[in-house]
Amino acid sequence: MGGWEEAAHDSRIFGEALCRSELKFPHSLGNKYYFVDAAYAHMKGYMAPYKGDNVRYHLPDFRRGATRQLREPRGHIEKFNYMHSLCRNIVERTFGAWKARWSILRDMPYYNVDTQRDIVPATMDIHNYILKKYNVDDAFQMTEDERYIPSVDSEFGTSSSTNNIEENMEEQSDTYWMGLRDMLANEIGNV
């Protein structure tokens, strides 16, 4: 986010975007929600995975087991986390392919917020045009393998630090959104 003196944790930037109405961050409407990863709080409109010392979330954690039984999610919470991580992985692979194709997406910190907000849909439109016109997109073909891991710019990598904004977002969580996640986890666990 422009104007920050040093690299900031993603959740801090996210919290700032939620609090500043002039940024026009797209909030979810009604009972809809966005998936967010384990670094973010589970709160109204933002569905985070379950957290805990004995709860797996990341796909590599599920793939490490020597046998199929050890790789399988244990219980409805881990099944939810596994499905959540699969969905998030698709999004990450998509953005990884966009960044591989469009170097402008890697240079976003140098543009003002209004320009940044326009760049992403513009590159999406161009991508859709390529698919419509040529039916093949080499940048996206490499990401079809679910084991593909996009590279992450080191200065924008994740961090485990916490701050006041994260704590405030955690406090905003309410019973309804926790119950909705529990209901989804139970439905996934019963399939």
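This is a predicted model: local features need pLDDT of at least 70, side-chain atom pairs count only at pLDDT 80 or more; totals for chains, interfaces and linings use all residues.
Visitor: Which pattern does the protein follow along the sequence?
Guide: The secondary structure comes to eight helices and two strands. Read along the sequence, these elements give the pattern α-β-β-α-α-α-α-α-α-α.

Visitor: What share of the 191 residues is buried?
Guide: Buried means under 20% relative accessible area. The protein exposes about 12600 Å², with 53% of that supplied by carbon and sulfur atoms. Of the 191 residues, the buried share is 31%.

Visitor: Among contacts between residues at least 6 apart in sequence, what share joins residues at least 24 apart?
Guide: A contact here means heavy atoms within 4.5 Å. Among contacts at least 6 apart in sequence, the share that joins residues at least 24 apart is 59%.

Visitor: How far apart in space are Asp-10 and Tyr-40, C-alpha to C-alpha?
Guide: Asp-10 sits in helix α1, residues 10–19. Asp-10 is partly exposed, because its relative accessibility is 29%. In sequence, Asp-10 and Tyr-40 are 30 residues apart. In space, their C-alpha atoms are separated by 8.4 Å.

Visitor: How many salt bridges does the count come to?
Guide: Side chains of opposite charge can pair when their charged atoms come close. The cut-off used is 4 Å, from a side-chain nitrogen of Lys or Arg to a carboxyl oxygen of Asp or Glu. By this rule the count of salt bridges is nine.

Visitor: Which residues are linked with Arg-20 in a network of salt bridges?
Guide: Arg-20 pairs with Glu-22, and their closest N and O atoms are 2.8 Å apart. Arg-20 has 28% relative accessibility, so Arg-20 counts as partly exposed. Glu-22 is partly exposed too, at 49%. The network links Arg-20 with Glu-16 and Glu-22.

Visitor: Is Arg-68 buried or exposed?
Guide: Arg-68 forms a salt bridge with Glu-72 at 3.3 Å, N to O. Glu-72 is partly exposed, with 36% relative accessibility. Arg-68 stands at 62%, so Arg-68 counts as exposed.

Visitor: Is Glu-78 buried or exposed?
Guide: Glu-78 meets Arg-74 in a salt bridge, at 3.3 Å from N to O. The relative accessibility of Glu-78 is 3%, so Glu-78 counts as buried.

Visitor: Which backbone oxygen does the side chain of Ser-85 reach?
Guide: Ser-85 lies in helix α4. Ser-85 is buried, because its relative accessibility is 3%. Leaving out residues up to four places away in sequence, Ser-85 touches Tyr-57, His-58 and Leu-59. At 3.3 Å, the side chain of Ser-85 reaches the backbone oxygen of Tyr-57.

Visitor: Which residues make the nonpolar surface patch of about 330 Å²?
Guide: Tyr-110 is in the loop between α4 (75–101) and α5 (113–134). Tyr-110 has a relative accessible area of 67%, so Tyr-110 is exposed. The patch is made by Ile-104, Tyr-110 and Tyr-111.

Visitor: Which residue caps the N-terminal end of α5?
Guide: The cap uses a side-chain oxygen, 3.0 Å from the backbone nitrogen of Asp-114. The capping residue is Asn-112.

Visitor: How far apart are the end C-alpha atoms of α5?
Guide: α5 has 22 residues. At 1.5 Å a residue, the helix should span 32 Å. The end C-alpha atoms agree with this, because they are separated by 32 Å.

Visitor: Which residues in α5 are buried?
Guide: An α-helix has 3.6 residues a turn, so residues three or four places apart point the same way. In α5, the buried residues are Ile-119, Thr-123, His-127 and Ile-130.

Visitor: What is included in the cover of the buried residues of α8?
Guide: Helix α8 covers residues 175–189 and reaches 21 Å from its first C-alpha to its last, close to the 21 Å expected. Its buried residues are Trp-177, Leu-180, Arg-181, Leu-184, Ala-185 and Gly-189. What covers these residues includes β2 (46–47) and α4.

Notes: Residues are numbered from 1 along each chain as its sequence is written. Side-chain values use heavy atoms; hydrogens and water are left out. Patches are made of residues with over 30% relative accessible area and no salt bridge: like charges are joined within 9 Å, nonpolar side chains (Val, Leu, Ile, Met, Phe, Trp, Tyr) within 5 Å. Accessible areas come from the Shrake-Rupley method with a 1.4 Å probe; for residues, only the protein chains shown count as cover. Helices (H or I, at least four residues) and strands (E, at least two) are DSSP runs, numbered from the N terminus. Buried means under 20% relative accessible area, exposed over 50%, partly exposed in between (1.4 Å probe, protein chains only). A polar contact is a pair of N or O atoms within 3.5 Å; within protein, one must be able to donate a hydrogen and the other to accept it, and residues adjacent in sequence count only if both atoms are side-chain atoms. The expected span of a helix is 1.5 Å times one less than its number of residues.
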